[in-house]
Amino acid sequence: MWEVFKILDSFKDIFEKYYSKIYRQIALIINDDDNAQDIAQEVFIKLIKNPPHSDENIGGWLSKVAINQALNFIRSEKNLKSREIKVSQFNDDLISPEDIAIEKIEIDKVRKVLSKMDKRDMLCLVLKHSGYSYEEISISLGIKKSSVGATVARAHKKFKELYEKEV
């Protein structure tokens, strides 16, 4: 019985450490916050049902599963353009409608630029800005750890070029 508690504590620690990273990563890929929460939960269900053989780099494994789940979601969508963008309800006292509109415009620009990028570069930036280490990015994208820094730098440069064209 104590083993069950150890496993639950371990899962709880993993969940608390990685959930927000996984969620942000998926939300940036699919451009849908509500479905990103569902997909992030599915990633952790996969962890419970079919854990990796080694727990040396659980973050990289979770990231790889998250990418696959997000891409599966996108493929399953019949028409990406027909999806409605859902806007979160904000407290008017805390954030003005103008601030909400400006933030939404910026988020849409970033997502638009990311969608124009090469898949590997886009995923590299999403992972890097979701807080993943170079080792986790390396495992997730199947590239050498020593190449991650250069890949991130090239992806940032490409993003900046595309973003400036959008403005």
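Q: Contact means that heavy atoms lie within 4.5 Å of each other; of the contacts in the protein chain with a separation of 6 or more, what percentage comes from residues 24 or more positions apart?
A: This is a predicted model, in which local features need pLDDT of at least 70 and side-chain atom pairs count only at pLDDT 80 or more, while totals for chains, interfaces and linings use all residues. Residues are numbered from 1 along each chain as its sequence is written, and side-chain values use heavy atoms, with hydrogens and water left out. For the contacts with a separation of 6 or more, the share from residues 24 or more positions apart is 62%.

Q: How many helices and how many strands does the protein chain have?
A: Helices (H or I, at least four residues) and strands (E, at least two) are taken as DSSP runs and numbered from the N terminus. Read from that end, the elements follow the order α-α-α-α-α-α-α. The secondary structure therefore comes to seven helices and zero strands.

Q: What percentage of the residues of the protein chain counts as buried?
A: Accessible areas come from the Shrake-Rupley method with a 1.4 Å probe, and for residues only the protein chains shown count as cover. On this basis the chain exposes about 11100 Å², of which carbon and sulfur atoms supply 53%. Buried means under 20% relative accessible area, exposed over 50%, and partly exposed in between. Of the 167 residues, the buried share is 35%.

Q: Which residues of the largest nonpolar core touch the most other members?
A: A nonpolar core is a set of buried Ala, Val, Leu, Ile, Met, Phe, Trp, Tyr and Cys residues joined through side-chain atoms within 4.5 Å. Helices H1 (2-30), H2 (33-49), H3 (58-76), H4 (97-116), H5 (119-129), H6 (134-141) and H7 (145-166) each supply at least two residues of the largest one. Of its 41 residues, those touching the most other members are Ile-22, Ile-26, Ile-29, Ile-30, Leu-62, Met-117 and Leu-141.

Q: Why do Tyr-19 and Tyr-23 count as a stacked pair?
A: Rings of Phe, Tyr and Trp (its six-membered ring) pair if their centres lie within 6.5 Å, and planes under 30 degrees apart count as stacked, over 60 as edge-to-face and the rest as tilted. By this rule there are seven aromatic pairs. Tyr-19 and Tyr-23 lie four residues apart in helix H1, about one turn of the helix. Their pair is stacked because the ring centres are 6.3 Å apart and the planes stand at 10 degrees.

Q: Over the ring of which residue does the charged end of Lys-21 sit?
A: A charge sits over a ring if NZ of Lys or CZ of Arg is within 6 Å of the ring centre and within 35 degrees of the ring normal. For Lys-21, the distance to the ring centre is 5.6 Å, and the ring belongs to Tyr-132.

Q: With the side chain of which residue does the side chain of Arg-111 make a polar contact?
A: Arg-111 has its place in helix H4 and is buried, with a relative accessible area of 16%. A polar contact is a pair of N or O atoms within 3.5 Å; within protein, one must be able to donate a hydrogen and the other to accept it, and residues adjacent in sequence count only if both atoms are side-chain atoms. At 2.4 Å, the side-chain partner of Arg-111 is Asn-31.

Q: Near what value is phi of Asn-31?
A: Asn-31 lies in the loop between H1 and H2 and is partly exposed, with a relative accessible area of 28%. Most residues other than glycine have a negative phi. In Asn-31, however, phi is positive and lies near 60 degrees.

Q: What is the length of the polar contact between the side chains of Gln-25 and Tyr-132?
A: Gln-25 belongs to helix H1 and is buried, with a relative accessible area of 0%. A polar atom of its side chain lies 3.2 Å from the backbone oxygen of Ser-63. The polar contact joining the side chains of Gln-25 and Tyr-132 has a length of 3.2 Å.

Notes: Buried means under 20% relative accessible area, exposed over 50%, partly exposed in between (1.4 Å probe, protein chains only). Contact means heavy atoms within 4.5 Å.
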